[in-house]
Amino acid sequence: MDWSSPKMQLHDGLLGSLQDSSLPEVTSRLSEARVNTEATAVLLVSLSPTATYVDILCCDDNNSDSEKQSLVMPKHAQLLLSMTEMSATLPGCDFEWPEALTICSSQNVIVGGIKDFQGNIIGAVLIVLRCHQLTSHQKHYASIARQQIELSLQYKLIQHPFTDKLAEKIQLLNEIGRISHVGGWELDIHAGLVSWTRETYLLFGVTPGRDITVERALANFPQVSREKITKAMKAAIKSLSTFALEVEYINAEGYRRWLKMTGTPQSEVTSSHQDKVYRIYGSVQDITEHKRLSDTQHNYTEYLSTILDSISDALVTIDEEGTVITANNTVEHVLGYDADELIGQDIFILVPKVESQNIKEYLKTFMKGGRKTAKASPENHLVSHKNGGLIPVDISLSSFHFDMQKRIVLVFRDMSVRKQLADQVYQAAYYDNITQLPNAKLFDKALKGVIRKAGVTYADIYCAQIAIDNISQYKQAFGQPTADYVMRILASRLTRTFSKPFAIFRGAEDNFYLLYEDIITEEDKDAQKTIDAVRRQFTDEVCSDITLHNSPHKIYAVVTICQLKGMKANVSKVRHMLEEGYKQLSRDNVNTPVVFHSASSVGYDRYNFIRQSLGAAVSNHELFIQLQPQYESDGSMVCAEALVRWQHPQLGLITPAEFIPIAEESDAIVEIGQWVMNECGKLLYDCNKSGLRTRLSINISAKHMARADFSEKMLAVIAHWNVPKGSLTIELREAVLIGSFALVRNSMKELADKGISFSIDHFGSGNLNLSYLRDLCIKEVKLDRHFIDEEDKIGAQSPLLNSIFDIAKIFELRTVAEGIENTTQFNDAIKRGCHVFQGYFLDKPLNVTDWRAKLPVKQHAGG
């Protein structure tokens, strides 16, 4: 062994703090012990728990040359120091001696521990003897020598400035612990006692100096924390390793807080040459605020990371050299590279050879320049995918500084994905999902283009609307899937029959559009022949029978054809002509498989003029009401229906049949309905004031009734004109109740509670569920005049009309027969038990003056 190597500093141990001048007395004691025990050498060594070597502090006079050197003391010899005051003889060869004491290797050694005031072993006396067995005389002197040296050293330590410095250091450590909220602890495993520093006492709210057991110490922790601490302690004892925990504890105020706890085991060598932990010590620190800040920062960092990973664009940051520093997870979806795989790579691996050189130059210029944000260029660029392919991307750049270094952020937006999404949106917006045909929006767009071309050349445009009249019957009989199947078959027939320059479009639920996308001139005879063949192709190829469930079924269609000069056309006009043509055929009730109708532009200008004039009809006081009386069978007038009329300054009198459908295309119908409500309220007020009691009924449109503020405004009219209860009836069509049941139910109940009655107009013409009669506040039904006319024509009672009267009786509803135009109809209605009658046979609509003249004074409201 090389004993010239650097040795451990003597000041590392407690005994090492004593100056050489304080040891002569100890040297004298060692020399005396050598003589009395007949020893070869007597040594005093300083022990340190972490040192492999022990330092020779002083020797007897004969061996003074060995002072300040080191020797290796075996672990079993160190273990004996804590077990007995003086050990039995040990072979000298178990020790490693300095050169001056090599003779000791062939002799025997007894060791005795030197303790401080707290009983801690701080040194040892080694007595080297030639004999193997000690006499009682030698044992006695050896024990006395150890005690004398121990007392002498303890006395020196008391007098030494080290004691005061130690107290000062302890005080300083306590102050540091107080400021930093760090406490110390120690567990004596053999005694089962716990020692705390002052700060630890304060941390747990325990009086300083109080004895602490293991159970008392663990009482400051919840069960989960106790289990963690116990597990860590056991692991430290088993593996002789330190530990650090973050656990919850209960402070002096009883609140749960967070504690950082460290522990280090200290061991000794047993007689079986095994390490045994006898002490664990460590520190405790309240980290509640730090943990809250750390958790907040971690959560925020995780939050930002989640956001960056969830965006649909690939995002990477690079340094000024072009090296990728970070990348979000989307780079794998966009570029094919795993984020970890891309980090550390040169960004230019993403720029393919086919891409122009200017993109590389632009990136280099941006990285070296001072701009904050930029677009690579307006158009898309190609970048290399990991699989070797090229993908179009939009590149955005921005820069920032981090730790005094410039960083560049590149955002790669995959335009192929965006294009795919755009195509999907376009498909959903402009194509029918049942037939896959372009829809009415594209028809309008294509029609507009054809009109523009035809207007320049004074040519014609040609289009048609194909309405499948019986598609609703297929839906009722076989269900929606079958109806969709029929429409797909018809779409296939249309596209197969009419190729370019024709184009097929899907309109409303039962409509198709046919558009000739070329213009038609008088000189183009071929185009005219093609147009002339359309009707035959519709009849023979498109609208032929269709097979469903192994049976042929007819297709009923109304084909409205529009051909007019492009310079006189616009999209709105053409659409109106097609719709009006279909409505005209519906009114004519044509019942042949395929009906053709040539749409006319006559009437469109009038329609458009009426539509534009409606907005000012109320404010210009052009509207007025007429009243058609309703009578009981004895001839007494019980009610009157308020009918709105329009006296246009240029067009004259416009009937409701003409302007009401136009008004229903916009909110004009709401304004008109509100005006009628107010006029009727005012009229009832005037009648009541004059002692004339009567009842009025008014028609309300579906759009008006479905408004959220309808009942509020209706009640405002009633309150303003002080309308008596039972004086006002609101007539609703079946379509209002069927299409807006949830919206109108609450309004009807609220108004019924205020004395307003409700009547169903044209009852029997729709598909009203009879449960509505039970659930809604219906008091009256008005029979559709179609049933009255039909019975008059056939000269016999209609079974359907019989059923309607039976329903009215079951639900105790008042029945009103409208459209009474002769004596036969009147008498038949009386026989059936009808309550009220209305029609030109009884009275035509009257102006307000004539109607009031027919009211008897103090007439009471009927029903």
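Student: Where does Glu 818 lie, and is Glu 818 buried or exposed?

Tutor: Keeping in mind that this is a predicted model, we find Glu 818 in strand S33, which covers residues 814–818. Its relative accessible area is 11%, and because buried means under 20%, Glu 818 counts as buried.

Student: Which residues is Glu 818 in contact with, leaving aside its neighbours within four places in sequence?

Tutor: With those neighbours set aside, the contacts of Glu 818 are Asp 761, His 762, Lys 782, Leu 783, Arg 785, Ile 788 and Gln 838.

Student: How is a pair of aromatic rings described?

Tutor: One gives the distance between the centres and the angle between the planes. The structure holds 19 aromatic pairs, and one of them joins Tyr 604 and Tyr 607, a tilted pair with 6.0 Å from centre to centre and 40° between the planes.

An edge-to-face pair is formed by Phe 826 and Phe 837, with 5.0 Å between centres and 75° between planes. This pair links distant parts of the chain, 11 residues apart, with Phe 826 in helix H29 (residues 823–831) and Phe 837 in strand S34 (residues 836–838). Phe 826 is buried with a relative accessible area of 14%, while for Phe 837, also buried, the value is 0%.

Student: Which residue lies over the face of Phe 512?

Tutor: That is Arg 506, at 5.9 Å from the ring centre.

Conventions. Residues numbered from 1 in each chain as written. Predicted model: local features only at pLDDT ≥ 70, side-chain atom pairs only at ≥ 80, totals over all residues. Heavy atoms only, no water. Helix = DSSP H or I, 4+ residues; strand = E, 2+ residues; numbered from the N terminus. Buried < 20%, exposed > 50% of the residue type's maximum accessible area, 1.4 Å probe, protein only. Contact = heavy atoms within 4.5 Å. Phe/Tyr/Trp six-rings, centres within 6.5 Å; stacked < 30°, edge-to-face > 60°. Lys NZ or Arg CZ within 6 Å of the ring centre and 35° of its normal.
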